[in-house]
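Here is a short briefing on a two-chain model. Read it with the structure open beside you.

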Number of protein chains: 2
Amino acid sequence: MQELIPPARLLLGPGPSNVPYRVLRAMSTPVIGHLDPKFMEIMDEVCQLLKKTFRTQNQMTFPVSGTGSAGMEAAFVNLLEPGDTAVVGVNGVFGTRMCDVAERCGAKVVKVEAEWGRIIDPARMIDAVQQNPGAKLCAIVHAETSTGVLQPIEELGAFLKKSDTLFLVDSVTSLGGVKLEVDAWGVDACYSGTQKCICVPPGLAPITFSTKAMEVIGKRKSKVQSWYLDVTMLQKYWATGEAQRLYHHTAPITMIYGLREGLRIIQEEGLETRWERHAAAAGHLEKGLEGLGFKLWAQEGHRLPPLTSAHPPQGWDVEGIRKELLTDYDIEVGGGLGPVAGKIWRIGLMGENACVQKVAVLLRALQDFA
Amino acid sequence: MQELIPPARLLLGPGPSNVPYRVLRAMSTPVIGHLDPKFMEIMDEVCQLLKKTFRTQNQMTFPVSGTGSAGMEAAFVNLLEPGDTAVVGVNGVFGTRMCDVAERCGAKVVKVEAEWGRIIDPARMIDAVQQNPGAKLCAIVHAETSTGVLQPIEELGAFLKKSDTLFLVDSVTSLGGVKLEVDAWGVDACYSGTQKCICVPPGLAPITFSTKAMEVIGKRKSKVQSWYLDVTMLQKYWATGEAQRLYHHTAPITMIYGLREGLRIIQEEGLETRWERHAAAAGHLEKGLEGLGFKLWAQEGHRLPPLTSAHPPQGWDVEGIRKELLTDYDIEVGGGLGPVAGKIWRIGLMGENACVQKVAVLLRALQDFA
């Protein structure tokens, strides 16, 4: 078997995004042990950086040793016990996945559905929580990667803050690319992935749990159904502060090296500057696409800057041209899922790709098909 | 926050082991998409290499997107349903962990215990299965990382092959370093980790399921409790052969690049040669340690070449010298766990560290404390 030589792709799909050379360089750093005192320092640094990125003071803020979906699972299996009720917003693949995960925890799921490509009216989420007193949690996707919709969550958070219901948010495609304020918005549990706006390869799921969430977990009657994702044990490894860290599982050291560098780059740029850069690049892309005859799909006023969804111009071979872009131009864009499979494209401008240079490359390539 | 510059450690503990520069170089390769046709080719190659390393023809052979403990969890949650019986051998940390994981699946666990540092008599495992007709699975740790014991499993495999009980084996510290024959020994499910004898950073758990195991999974009455680890869905992404691969979760691409290179190195060396090299290095180490007054701990005749456990000479500050080795010599060795915490050392010679050069470094450093 030959040396690994994959093509050099420009990743403008729904993730993974291209990884800065600094992150790859950090990941080629020789490994040290997961219980080495020097690694503990690195863990502390990563947790500090994650807190800044999530805008939270939550002590239990760490990277789950798996991809974004493991983060989703970690949130649900820790917070839910059999018989609990979960109110879940569903307007795309990831809201749908949340329901599946919650049901596997033995929870009763109350779905609040909206059309794909549109937001869920926050008032309907609030209403569903009020209709289900005692609901253990209310979950929603901040940035639906399957549709390119940015869900407003502040109003819902403000409401839930005054209730006993926990607020769980999926920020896989928003963290580091779109404004997200975990503490200020009353979010109790929030998970993300490394391969979107954080610009680190897939493999870790940053997550944070509020004190309120940790108290609920502390009162569980049953063990968390996943040993691997059990935060009551993981906190003894990750969230000890000065105390002795207890071995749980071997941390994915190289991925953590990469995450540290990715988060360091974010801090150097500044989170607000980064949000603005994503918004500016997306605005540039939207204008360019419309100029080429694309029709933007996601609900106006609620479009997700890191991921633009659009119908290609009439007459275009939607999937055929997408494949040509990949094979001839080395440019990856994403296809549609579910009701819009084969109908739309999902174009990601995440992390270092959120810039006019990358927009220019794509738009010029698309002109060849116009 | 400064650039990441961890110390350059010689990793002679229970894992992670040092990673060859070729693997680190492969991991610094720019990322491509997890649904890119070129990535599908890489996935096929990794699966082929894993089959060779596990010595199996099992179609469902792939790397779980998590560390070795995620592999353990993947094996149990897929094979067990609430009410099932699992016979589990326990003579160290990882057998104990298996029981915890199995109980979280709602299974009834029948423990077959032996003293830490000694093997479990295969006849006692067979007896326990016979005493529990209808047991869904029988699980044992091939290489107990907490004790340095290599468990004989062939006889148990031959017995289980003729029964309906599935044979589940933990090969975290044996795969790639010690003889393991998944098909010939009748193993139905076997998981490992990348950070031991495979010499790839922690973050993936190679796993394989036999046809018999997949049939049992296919007849489940309940959904697998973990969405993330559900092999009925994962097989549509990983084990499709020529068919269209279905997205499940974003694969940890960079880790898979590293695994491909680590497995390629193993094939270049040859698996038997590698097993012999581990055995030779361990023999050399054992002799040297005894010469220094160490007393080997694991049961004679059943010592695990990649991990040697031993009591340091009388009068040594067991934990103090271990720390000095780390801070002054940049050499990591492992401490004892459970009943031998603070009493033994666990010295790993895994992958590229299984050579006389590394043994010489350690022995010479130890002479300074004699």
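In this predicted model, 59 residues of chain A are in contact with 59 residues of chain B; contact means that C-beta atoms, placed from the backbone, lie within 7 Å. Local features need pLDDT of at least 70 and side-chain atom pairs count only at pLDDT 80 or more, while totals for chains, interfaces and linings use all residues. Residues are numbered from 1 along each chain as its sequence is written, chains are lettered from A and ligands numbered from 1 in the order in which they are written.

**Interface, chain A side**
- α1 (21-27), α2 (37-54), α3 (68-79), α4 (93-104) and α9 (253-269) of chain A each give at least two residues to the side that touches chain B. Helices (H or I, at least four residues) and strands (E, at least two) are DSSP runs, numbered from the N terminus.
- α9(A) supplies the largest share, seven residues.
- By class, this side has 26 nonpolar, 20 polar and 13 charged residues. Ala, Val, Leu, Ile, Met, Phe, Trp, Tyr, Cys and Pro count as nonpolar, Asp, Glu, Lys and Arg as charged, and the others, Gly among them, as polar.

**Seven-stranded sheet, chain B**
- An open sheet of seven strands runs in the order β2-β10-β9-β8-β5-β3-β4, with mixed pairing. Strands pair if DSSP finds at least two bridges between them.
- β2 (60-64) and β4 (108-113) of chain B are the edge strands, each pairing on one side only.
- Neighbouring strands are turned by 15° against each other on average, direction ignored.
- β8 (166-170) and β9 (189-191) of chain B run parallel, joined by three bridges. Leu168(B) has Ala189(B) as its bridge partner in β9(B).
- α4 (93-104) of chain B packs on the sheet, touching β3 (85-90), β4, β5 (137-141) and β8 of chain B. Its direction makes about 160° with that of β3(B). Axes are lines fitted to C-alpha atoms, for helices over the stretch in contact, and angles run from 0 to 180 degrees between N-to-C directions.

**Strand β15, chain B**
- Trp345(B) and Ile347(B) point one way from β15(B) (345-348), Arg346(B) and Gly348(B) the other way. All are buried, with 20 or more other C-beta atoms within 10 Å of their own.
- β12 (307-311) of chain B runs antiparallel to β15(B), with four bridges. Ser309(B) stands opposite Arg346(B).
- β14 (334-335) of chain B is also antiparallel to β15(B), with two bridges. Gly334(B) has Arg346(B) as its bridge partner.

Conventions: Two residues are in contact if their C-beta atoms, placed from the backbone, lie within 7 Å. A residue is buried if 20 or more other C-beta atoms lie within 10 Å of its own, exposed if 12 or fewer, and partly exposed in between; C-beta atoms are placed from the backbone.
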